[in-house]
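Dear colleague,

I am passing a structure on to you with this email, and the notes on what was found in it follow below. Please read them alongside the coordinates when you have a moment.

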Amino acid sequence: MLYRITFSRASPGPSLVLTQCVQCRYACPCRALRVAAPAATSGAVHLIIIRHGESEFNRAVEEGQSFKDPMIFDPPLTSRGRDQARALRERLRGELACHGDALWVVSPLRRAIETFLLACPLVGSVGDATPDVVAGPSGLACARSRSSEGLGNAAVELQPLISEFCVTAGDVGSSTSQLASEFPQMARQLAVLPETWWFQEPRRPNCAAAKTMNCTEPRAHQKQRVGEFARWLSRRPERFIILVGHCSFWKEFSKSNDRMRNGEMRSMRW
């Protein structure tokens with residue numbers, strides 16, 4: 001089912017972003033170079049938010065008797081999750097036909113990248129063209145690949161700010177070099193992100209490769225990250241944006257009372 005949710009967006013003034021989070025000292029997706037935020041734009045934005053398909057972490061939790069972290073780091077999709085992602089393809093093709101070109105914004109966690117590659121109708125040529133490198137939220141460099149496959153141009157950005165809140169092993173990301181070896185289609189997009197882009201504290205690292213988790217993301221930092229993303233979104237020039245991310249992040253961002261299911265798609269006016 002396609003949900004339609006409407007709420008007004010804030011209009012924050014121009015701001016500068018520091019190399020560390022404004023209110024904390026953590027290494028996290030918010031860190032970036034100091035840059036001026038782009039000018040705000042007017043008019044409603046049509047958003048589609050997607051939760052990734054079922055991951056191996058989701059399946060392990062579902063098969064367990066109670067919620068316990070199965071310690072599966074940055075999990076891939078299950079076969080069911082891949083089917084859920086493919087099922088979105090024709091629906092998204094219809095959305096593109098109706099609304100025109102979209103900006104695709106994808107979490108760098110493995111399950112979100114896989115969902116994007118399987119669901120995007122334009123994925124056949126994504127990553128083939130030379131990307132434009134742009135300043136993303138907080139000045140974080142993002143890669144944008146231009147491509148077309150019968151439905152017009154597509155723009156794709158990998159955005160760490162919409163990665164899932166880091167509270168379990170499944171929320172610890174993989175290095176960009178590792179992801180590039182697994183997803184060569186996205187190598188150029190990954191190349192402009194930091195090698196270590198996920199949340200961790202100084203001297204308390206989280207590492208998917210080493211299968212270690214030494215800290216979780218504080219609630220205050222989660223809310224700060226959602227706010228940072230909302231400010232970035234409010235200043236985007238695109239009027240149609242498709243976002244591929246995660247359950248808890250989308251629940252906080254949309255102020256929803258319910259949690260999205262795996263492979264679910266919702267529509268919002270921003």
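**What was found**

W104 lies in strand β3, which covers residues 103-106; strands (E, at least two residues) and helices (H or I, at least four) are DSSP runs numbered from the N terminus. The model is a predicted one, in which local features need pLDDT of at least 70 and side-chain atom pairs count only at pLDDT 80 or more, while totals for chains, interfaces and linings use all residues. Residues are numbered from 1 along each chain as its sequence is written, and side-chain values use heavy atoms, with hydrogens and water left out.

W104 is buried, its relative accessible area being 1%, where buried means under 20%, exposed over 50% and partly exposed in between, with a 1.4 Å probe and protein chains only. Between W104 and F240 there are 8.9 Å from C-alpha to C-alpha, although the two are 136 residues apart in sequence.

T115, in helix α4 (residues 110-119), also counts as buried, because its relative accessibility is 1%. Leaving aside residues up to four places away in sequence, T115 touches I50, H52, G53, L77, A85 and V244, contact meaning heavy atoms within 4.5 Å. For G53, the backbone nitrogen lies 3.1 Å from a polar atom of the T115 side chain.

Helix α7 runs over residues 219-234, and its 16 residues reach 23 Å from the first C-alpha to the last, close to the 22 Å expected at 1.5 Å a residue, the expected span being 1.5 Å times one less than the number of residues. Several residues of α7 are buried, among them H221, R225, F229 and W232.

As for the cysteines, a search of the whole structure finds 0 disulfides, a disulfide being a pair of cysteine sulfur atoms within 2.5 Å. The sulfur of C166 has its closest cysteine sulfur in C215, and because these are 6.5 Å apart they are too far for a bond. C166 is buried at 1% relative accessibility, whereas C207 is partly exposed at 23%.

Finally, there is 1 cavity of 30 Å³ or more, a cavity being a set of points on a 1 Å grid over the protein atoms alone where a 1.4 Å probe fits but cannot get out. The largest cavity has a volume of about 40 Å³, volume being the space filled by probe spheres set on the points, which are joined across faces, edges and corners. It is lined by 10 residues, of which S163, E164, D171, W198 and F199 are the closest to its centre; lining residues have an atom within 4 Å of a point.

With best wishes

Note on methods. Polar contact = N/O pair within 3.5 Å; in protein donor to acceptor, adjacent residues only side chain to side chain. 1 Å grid on protein atoms, 1.4 Å probe; cavity = no way out; pocket = protein on both sides within 12 Å on 5 of 7 lines; lining within 4 Å.
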